[in-house]
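Dear colleague,

I am handing over the structure below for your records.

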Amino acid sequence: MRLLGITKTEKKKLYFWLCAFVAMTLPFPKLSFNSFAIILLGIFSVFLQQPFLAKTKLIKKNLHWIVIASIPTLLALFGLLWTEDYPSATTNLKPTFLIFSIVFFSSSEKLSLSDLSKLLDLFTISVITASILAVGKAVWLDVQGLGKYYFYLDFGKVLGHHPTYFALFICICSIHLAVKANRENKLLWLYFVAMAFLGLVLYLLSSKMSIIALIVVLASSFLLEIYLYKNVKTNLWSRTKLAGILLLCLIFLTPNFQKRLTSEKASNFEERLELWEAVFNKYQQGSIIFGAGTGDGRKGLVKEYQEVGYEIAAKEHYNAHNQYLEELLFYGFFGLIIFLLQLIIFFILPIQKKYSLGYYLLICFMLFMMSESILERHSGEILYSYFMIILFSILVDNNNFIEKNDRIKVLNTYVDNLSNSETLELIDEAIKERKHIHHVVVNASKIVSMQTDLRLRQSVNSSDLINADGQAVVWASKILGKPLKERVAGIDLMQNLVEMAFQNDYKIYFFGAKEEIVEAVVKKYSKKYSEDIIAGYRNGYFKKEEEKSIASQIRESGAHMLFVAISSPTKENFLFENKHVLSNVNFIMGVGGSFDVIAGKVRRAPKWMQKAGLEWCYRLMQEPKRMWKRYVIGNSKFILLVLKERFKF
Amino acid sequence: MTVKNIILTLLTILIVSIWDFNKKGYHEFPQLIYDWDQKRTIKDHGNTRTYKLSHNTLGLYYNRSLESIHENNTIEVLDERGRPFYFRFMYKQIMDSIIEFKGGIWLTQIPKKKLGEVRLKEVDIPLIIKDHKISVGFIGITNDKWGGFKTIRKNIKFSYPKINFLGNQKDVFGFEYSTLDITPEGYENNVEVPEQCEIVMILIDKIPEDEDLESIQKLLSATKDKLLLVHTWPLVESMKAEKLEKANNLVRKLNEKNQNIFVIDLKGGSEELAQYDENKGYFLTSFGYSLFKTEVIEIIGNYKD
């Protein structure tokens, strides 16, 4: 569809470029350029991206998410009700939270985690370029005899940003680079050089909080690994993390940091306590519940600073230097609770989705908010609102993906009510839009296993696309009054997808089965279609500790699709645990014993048996010793469960 | 997004940032308004020792030569390693064996530690003359006021770079202005309107006494070929309010008669724009100066358009 002469593909490219433009302009000194980028993105989103009615529909649909994401703006608008100083209030509305919420939640072109990673890449490149520019300026000024600008506030001047805020930029970039290097395990020298340069800039900035934040993030990555993956390995990365923590602690002994700790009075901890005491005194003088309102939060603060004897704060009209206290001042206890609620939601989502970068970034923001009023300056407000809302919209969108497919609950699992062709269409669309989809099929046996295997249940239900592979599941859906359209057999879907890959130049990685089987599959498809569709292959025999490197290997292969032919629940657990590593692969799917069938080792049931739902019977006859338990006991249990559900006994 | 697009975007941002630094870098680095290549040594005062260093004061052990340093010039302080620091001041004070240059600014950076033995030169560093399109004669009541008066010309210049100030004195930043004494005796001897200027900006940060009104009338009536910008005196709650009212009426009356007079009417809430204190006298507040600056820029902008 064309809107104002722009094709859908062009719009998609323009949208991503505009998003990138916002990220890329932020680290540079001319902030009006960044505001211009935000305005462009807003105009594009409202007027060009899609018809107005479609946009309104999306806003209406995602209204609850938009409300959560734009809490700081909504609080500011709410605070107008009891403020007296309207001119000051207009400068404190934090509109970007609302703008970004509307842009990212009402966009027809959804950003994916891989897009977010690219945006962070571009942001990092810009931070490095802006730092080089600043060093260049400092050297030029020095050579001209116009002063030395290599330390803290002076270096901040050449950067065009407050040093603490630029240090926050660097922390975000460093965390992103570290996580990416850990996942990709390639071009490590490049990551090392980039991080070393950022480290040098951080040294010039000498921001104490940035070092503390990096130490906490590194330490928390250990704890979260224990909690989420339950397997902290003493590999190179773990040792690097430990060395990193030690190195970061030692930075405090370097000359610049020593200078900050000993001679800079204004930002030492005792001074901060004095400042916070004054802020808290001011808060207690007004409404404890609702604060002073959007325009009056800092009214009278100078007097409080004078009373505690903090003259420089009074003279320079310091803000609270703590975002949580800032919320208390402006919107009281009520505002603080609402603000914390947003932070909690932002924090829980990445944990639920096992997206480590998400919670590391948030830990970093939360720590910086303790020593600076991050949202009171353009740089902080944009950085936080932009990246956190993009992340929030992506993580939430995975759920939306489930909802929009008319998802039906069958016993303890969800199944998407899609035909085979609808499923193919959806996958094709997702690959084209560079999304990441975890696909899974369920049959009676798997549903029975999910009754007791909670890990398997979590893995299946958190998948983006679930099809009913077994005819028994389709029958069950009918008995339970929620009929599924048809059975979507995993092997049929896989064959169709291979053909789709050939037609669209997608690449596939085949993983699983014995070496000779997977080789036969690859050979067969290469002959039938083209070698070009093969991104790589590997047998399905590996040790637990090899999982991560296998996942990295698949990721590096450049595959659009991944088929995993390993038995349940190993394949589900592998895909679930390595989902974040495989985020670059657009479509991942477990295909069980399909490779054996394609390689010709196992024969499939005749067509009439497939149609009659008797394929299980054929399999049982082929391998009675191995299959009787699965089909006889499993199917009986399944029937019992369906009846129990149907008649509620 | 292709690599080509990324490079192009980054390059554009980089070029805009460098261009912006080149054009407006003086906002962050005021030393860039000076033409350092044209720096000229007026007198080498030789070696001396520093006694006090602060953001606005340079204290030195007295020697006779230092007394001659003029406030229109800049002091170049060279430390032991020959590293230069530049200081401009508004006035000097001599106490016993100490001479202090006060009310000043460091043009590049303030020395981070006590300098000890230094070499001192009196230098002239002219302002960079480029993009100047409007010559403005700035006539002010006095040159030793603090706060807004000290930075008013700098702020106007930074907000509207096309302005070039003319006068027979230089302020602490090096911008020219002329002093104004509105007492009957002082006026006859001191007031001099620069010939080359198109606009004359008058700032009288003092309550005019009855006998001073004649000087104001003379000043505003004498110059017919230039645009005269004069302000009214914001009212304050004091016994002097009546005098302010009188002076304001005079300015408004002259404005009606003369097309070339433009009145910047400084109106605001009580003590918002100006204050009166028995010791400090009558003075504009920072907000008063800021309002004056905004109005001046707007008028000059409209005048040229």
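Which residue in β6(B) is the bridge partner of B:Ile94? In β6(B), B:Ile94 is bridged to B:Ile99.

Before the details, a note on conventions. This is a predicted model, in which local features need pLDDT of at least 70, side-chain atom pairs count only at pLDDT 80 or more, and totals for chains, interfaces and linings use all residues. Residues are numbered from 1 along each chain as its sequence is written, while chains are lettered from A and ligands numbered from 1 in the order in which they are written. The model scores ipTM 0.84 and pTM 0.72.

Chain B

Chain B contains 6 helices and 17 strands (helices, H or I, of at least four residues and strands, E, of at least two are DSSP runs, numbered from the N terminus). Its C-alpha trace spans about 70 × 60 × 35 Å along the principal axes. Of the 305 residues in chain B, 31% are buried (a residue is buried if 20 or more other C-beta atoms lie within 10 Å of its own, exposed if 12 or fewer, and partly exposed in between, with C-beta atoms placed from the backbone). The mean pLDDT of chain B is 85, and 93% of the residues score at least 70 (pLDDT is the predictor's confidence in each residue, from 0 to 100).

Strand β5 (residues 91–95) of chain B pairs with β6(B) in the antiparallel sense over 5 bridges (two strands pair if DSSP finds at least two bridges between them). These two strands form a hairpin with 2 residues between them, and B:Asp96 in the turn has a positive phi of about 50 degrees. Strand β2 (residues 58–61) of chain B also pairs with β6(B) in the antiparallel sense, over 4 bridges, and here B:Leu60 stands opposite B:Ile99. Strand β6 (residues 98–102) of chain B has a covered face, formed by B:Ile99 and B:Phe101, and an uncovered one, formed by B:Ile98, B:Glu100 and B:Lys102. In a regular strand the side chains alternate between the two faces of the sheet.

The contact between the chains

In chain A, 23 residues are in contact with 18 residues of chain B (two residues are in contact if their C-beta atoms, placed from the backbone, lie within 7 Å). The elements that give two or more residues to this side of chain A are α1 (8–25) and α8 (113–143) of chain A. The most comes from α8(A), with 7 residues.

Chain A

The largest nonpolar core has 114 residues, and those with the most contacts inside it are A:Val22, A:Ala23, A:Ile170, A:Ile175, A:Cys364 and A:Ile390 (a nonpolar core is a set of buried Ala, Val, Leu, Ile, Met, Phe, Trp, Tyr and Cys residues joined through C-beta atoms within 7 Å). Apart from it lies another core, of 70 residues, among them A:Leu484, A:Ala551, A:Ala599 and A:Phe638.

An open sheet of 6 strands in chain A runs in the order β4-β3-β8-β7-β5-β6, with parallel pairing. Its edges are β4 (465–468) and β6 (534–538) of chain A, each with a single partner strand, so one side of each is left without a neighbour in the sheet. Within this sheet, β5 (residues 508–512) and β7 (residues 561–565) of chain A pair in the parallel sense over 5 bridges, and A:Tyr509 has A:Leu562 in β7(A) as its bridge partner.

Two loop residues of chain A have a positive phi. A:Lys94, in the loop between α6 (86–90) and α7 (96–105) of chain A, has a phi near 45 degrees. A:Lys94 is buried, with 22 other C-beta atoms within 10 Å. A:His321 has a positive phi of about 55 degrees although it is not a glycine, and is found in the loop between α17 (311–315) and α18 (323–352) of chain A. Most residues other than glycine have a negative phi, and most peptide bonds are trans.

A:His321 is among the residues in contact with A:Ser373, leaving aside neighbours within four places in sequence. A:Ser373 is in the loop between α19 (356–371) and α20 (378–404) of chain A.

With kind regards
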